[in-house]
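Subject: Handing over a structure

Hello,

I am passing the structure below on to you, and after it I describe what was found in it. Please keep it open while you read, so that you can look up each place as it is named.

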Amino acid sequence: MTRVKEENELVTPGDVVFEGEDIHPHSGVYEEDSKIISEFMGTVEYSGSSVRVVPMSGRYIPSEGDIVIGEVSSVSFSNWRVDIDSPYEAMMKIDVAVDEYIDLDEDDLSDYFDVGDAIVTEVTNVTEGFDVNTGMEDRRCRKLTGGRIVKIAPSKVPRVIGRKGTMVRQIKEKTDTTIIVGQNGLVWIKGENENLATKAVKKVEREAHIDGLTDKMAEWLENEVEN
């Protein structure tokens, strides 16, 4: 196997990212003649046995396994539609949304998730035609109450999370907040100092290109808290 492009390296459409069959193509790439090739201009991300390219700009493109933040946009007889801030609206079926029996003749689905509810949900399936399904079975999925939602570019999500979660962890600790970063670029913030946490998240988004940003943000947060 050969890594043609390294972690966080910038690639353009058609660039070979990886040669060999030891890892699997994730989102933003495709496989051809034992080569994994970029579909977008973006940055390379390796994760376990897969690789993907995160687009530099543009709206969120759903990918199976992503944890995203969405808003329930409609409730039908047997499912919910979820706006995941993407060109493609998601559908959430009962069997992967609620862990109890629901009698469709008696129960009202809006008692579980209603229009306007903000939720953390998992993208469980994406078809070739971009029919998107989400579910609530992952332990991280839940309905969100209170707090605020901040929007950042999906391509900057890895920088806001940081290596092994270091960036978002230090923002949470310094601002005494709970923060959930959706892969679709929506960030939920709730806690003692939501204003400072929001300011920090947007600062990371703006300065994502700077080397050593985690250390610089630690110093910046320290000064902000003291002042």
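**The second largest pocket**

The lining of the second largest pocket is made up, by class, of 12 nonpolar, eight polar and five charged residues. Here Ala, Val, Leu, Ile, Met, Phe, Trp, Tyr, Cys and Pro count as nonpolar, Asp, Glu, Lys and Arg as charged, and the others, Gly among them, as polar. Please bear in mind that this is a predicted model, in which local features need pLDDT of at least 70 and side-chain atom pairs count only at pLDDT 80 or more, while totals for chains, interfaces and linings use all residues. Residues are numbered from 1 along each chain as its sequence is written, and side-chain values use heavy atoms, with hydrogens and water left out.

The second largest pocket holds about 410 Å³ of space, and of the 25 residues that line it, Ser27, Gly28, Ile61, Pro62 and Ser63 are the closest to its centre. A pocket is an open set of points on a 1 Å grid over the protein atoms alone, where a 1.4 Å probe fits, with protein on both sides within 12 Å along at least five of seven lines, and lining residues have an atom within 4 Å of a point. Grid points are joined across faces, edges and corners, and the volume is the space filled by probe spheres set on the points. Strand 8 gives the largest share of this lining, four residues; helices (H or I, at least four residues) and strands (E, at least two) are DSSP runs, numbered from the N terminus.

Ser27 itself sits in the loop between strand 4 (24-25) and strand 5 (29-32). Is Ser27 buried or exposed? Ser27 is buried, because its relative accessible area is 17%, and buried means under 20%, exposed over 50% and partly exposed in between (1.4 Å probe, protein chains only). Leaving aside neighbours within four places in sequence, Ser27 is in contact (heavy atoms within 4.5 Å) with Arg52, Val53 and Ser63.

**The largest pocket**

The largest pocket has a volume of about 1,400 Å³, and among the 39 residues that line it, Glu45, Pro158, Arg159, Ile161 and Gly162 are the closest to its centre. Its lining has 12 nonpolar, 13 polar and 14 charged residues.

**Nonpolar cores**

A nonpolar core is a set of buried Ala, Val, Leu, Ile, Met, Phe, Trp, Tyr and Cys residues joined through side-chain atoms within 4.5 Å. In the largest one, which has 28 residues, Trp80, Met92 and Phe113 touch the most other members. The elements that each supply at least two residues of this core include strand 9 (67-75) and strand 12 (118-126). A second, separate core of 20 residues includes Ile171, Val187, Val201 and Leu221.

**Two backbone angles and a record**

Most residues other than glycine have a negative phi. Asp85, however, has a positive phi of about 55°, and Asp85 lies in the loop between strand 10 and strand 11. Ser34, in the loop between strand 5 and strand 6 (35-38), also has a positive phi, near 60°. Ser34 counts as partly exposed, because its relative accessible area is 31%.

Finally, an unreviewed UniProt entry places the feature "domain: S1 motif" at residues 65-139; UniProt positions are given in the numbering used here, feature names are shortened, and annotations may be inferred rather than shown by experiment. Over residues 65-139 the chain is 0% helix and 41% strand, with the end C-alpha atoms 13 Å apart.

Best wishes
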